[in-house]
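I opened the model to look up a few side chains and the elements that carry them. My entries follow in the order I made them.

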Amino acid sequence: MNVQMMDGLLGASSNIKLSGTPISVYRQASAEGDTEKMKRALGYTGECAEKAVKYQEKLDKGMKAEAKAEKEKAELEQEAAIEKRREERKRAEEGTESGRPQETDSVQISEAAKAALKNNTPVEAPEPIGSEPVTYTPAGEIAAAPVETEPTVSFTA
């Protein structure tokens, strides 16, 4: 919240509250039938209302300035984030191009393990068991396999 907004809010609020006094004087003068007093009271009320409108305009200008500043700040932050990502990408590309080894794990196999691998014969994969699918009941017992039927399609209009 900027100074212009605070000034607008406080000024408009206080002038609206101040207009309550001349309005009460107007009502009292109306009850007494004093037209001159009524005119003066309405004049003061009008002045307070005009000041409140001016403060409202000041508040509106302050709100627009605040929105503009926030938008500019967001754009600057976005540009900074984009620039940071570009720099990080550039550093990453430079790191891979300079011949520097990437951070990777390496594995060394001992001579004894190599000899053991040469002596072993590869294990053959077991053949899959050709059984029918099984369905279980909620009690955990094997249920009878459902009878397969041909699918049917029916259309109604």
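**Entry 1: N15**

Which residues does N15 touch, not counting residues up to four places away in sequence? I found C48, K51, A52 and Y55; contact here means heavy atoms within 4.5 Å.

Before going on I noted that this is a predicted model, in which local features need pLDDT of at least 70, side-chain atom pairs count only at pLDDT 80 or more, and totals for chains, interfaces and linings use all residues. Residues are numbered from 1 along each chain as its sequence is written, and side-chain values use heavy atoms, with hydrogens and water left out.

I placed N15 in helix α1. Helices (H or I, at least four residues) and strands (E, at least two) are DSSP runs, numbered from the N terminus. Is N15 buried or exposed? N15 is buried, because its relative accessible area is 7%. The cut-offs are under 20% for buried, over 50% for exposed, and partly exposed in between, with a 1.4 Å probe and protein chains only.

I also looked at where the side chain of N15 goes, and it reaches the backbone oxygen of G11 at 2.9 Å. A polar contact is a pair of N or O atoms within 3.5 Å; within protein, one must be able to donate a hydrogen and the other to accept it, and residues adjacent in sequence count only if both atoms are side-chain atoms.

**Entry 2: the start of the chain**

I found N2 in the segment before α1. The N2 side chain reaches the backbone oxygen of G62 at 3.1 Å. Leaving out residues up to four places away in sequence, N2 touches G62, A65 and E66.

M1 lies in the segment before α1 (3-18) as well. I recorded M1 as exposed because its relative accessible area is 61%. Together with M6 and L9, M1 forms a nonpolar patch on the surface, with about 310 Å² of accessible area in total. Patches are made of residues with over 30% relative accessible area and no salt bridge; like charges are joined within 9 Å, and nonpolar side chains (Val, Leu, Ile, Met, Phe, Trp, Tyr) within 5 Å. Accessible areas come from the Shrake-Rupley method with a 1.4 Å probe, and for residues only the protein chains shown count as cover.

**Entry 3: helix α2**

I checked the length of helix α2 (residues 20-32). The expected span is 1.5 Å times one less than the number of residues. For the 13 residues of α2 this should give 18 Å, and the end C-alpha atoms are 19 Å apart, so the two agree. Just after α2, G33 takes a positive phi of about 85 degrees.

**Entry 4: salt bridges**

How many salt bridges are there? I counted 4, taking a salt bridge as a side-chain nitrogen of Lys or Arg within 4 Å of a carboxyl oxygen of Asp or Glu. Side chains of opposite charge can pair when their charged atoms come close. I wrote up some of them.

R86 and E83 meet through their side chains at 3.9 Å, N to O. They are 3 residues apart in helix α3 (residues 35-97), which means about one helical turn between them. E83 counts as partly exposed, at 38% relative accessibility.

R91 pairs with E87 in a salt bridge, with the closest N and O atoms 3.7 Å apart. These two are 4 residues apart in helix α3, so about one helical turn separates them. R91 is exposed at 54%, whereas E87 is partly exposed at 37%.

K114 forms a salt bridge with E111, and their closest N and O atoms are 3.8 Å apart. They sit 3 residues apart in helix α4 (residues 111-119), again about one helical turn. K114 is partly exposed at 40% relative accessibility, and E111 is exposed at 59%.

An α-helix has 3.6 residues a turn, so residues three or four places apart point the same way.

**Entry 5: Q56**

I found Q56 in helix α3, partly exposed with a relative accessible area of 35%.

**Entry 6: the whole chain**

I counted 4 helices and 2 strands, running α-α-α-α-β-β from the N terminus on. Of the 157 residues, 11% are buried. The accessible surface comes to about 14300 Å², and 55% of that belongs to carbon and sulfur atoms. Among contacts between residues at least 6 apart in sequence, 56% join residues at least 24 apart.
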